[in-house]
Amino acid sequence: MNKRIILTASFFGLAAVVLGAFGAHGLEDKITDNDLEAWKTAVDYQFYHTLALLFLATFSRAKNTYIRFSFITFTLGILLFSGSLYVLSTRAITGFGAAGMLGPVTPVGGLCFILGWVGLFVATIKNKG
């Protein structure tokens, strides 16, 4: 589990750096300021939860169900929350991502983030160490 968490976090961290640089240098003047802010929000939340995943790796040796739950929900949160914002913020240049269809995905990703933090909280309370 520890290795899987670290590999997942490494992938998301790498992707966040690439996507952040792309947003700063490749999307400037191509999308609206509001869409660029949404892109930056997606990158920020991806970074925050990449760091949270790395922190989970320090608990993973305990084989705690709540840590596994947090791992899954943080991962889903990154994919759904940040992923939907990436697609929605670039729809003007890609033509992909109807706001009516993807808009509801973003808060589901946010809920996954919240549940991941709750899982970490409970795992910490139940940890006997």
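Leu115 is found in helix H6, where helices are DSSP runs of H or I with at least four residues, numbered from the N terminus. The model is a predicted one, in which local features need pLDDT of at least 70, side-chain atom pairs count only at pLDDT 80 or more, and totals for chains, interfaces and linings use all residues. Residues are numbered from 1 along each chain as its sequence is written, and side-chain values use heavy atoms, with hydrogens and water left out.

With a relative accessible area of 34%, Leu115 is partly exposed, a class lying between buried (under 20%) and exposed (over 50%), computed with a 1.4 Å probe and protein chains only. Together with Phe69, Leu111, Ile114 and Val118, Leu115 forms a nonpolar patch on the surface with about 430 Å² of accessible area. Helix H6, residues 105-126, contributes the largest share of this patch, 4 residues.

## The nonpolar core

The largest nonpolar core has 24 residues, and those with the most contacts inside it are Ile5, Leu53, Leu56, Ile67 and Phe74; such a core is a set of buried Ala, Val, Leu, Ile, Met, Phe, Trp, Tyr and Cys residues joined through side-chain atoms within 4.5 Å. At least two residues of this core come from each of helices H1 (2-25), H2 (33-57), H3 (65-89) and H6, with H2 supplying the largest share, 8 residues.

## Leu56 and Ile67

Leaving aside neighbours within four places in sequence, Leu56 is in contact (heavy atoms within 4.5 Å) with Ile5, Ile67, Ser70, Phe71, Phe74 and Leu120. Ile67 is found in helix H3 and is buried, with a relative accessible area of 1%.

Terms used: Patches are made of residues with over 30% relative accessible area and no salt bridge: like charges are joined within 9 Å, nonpolar side chains (Val, Leu, Ile, Met, Phe, Trp, Tyr) within 5 Å. Accessible areas come from the Shrake-Rupley method with a 1.4 Å probe; for residues, only the protein chains shown count as cover. A salt bridge is a side-chain nitrogen of Lys or Arg within 4 Å of a carboxyl oxygen of Asp or Glu.
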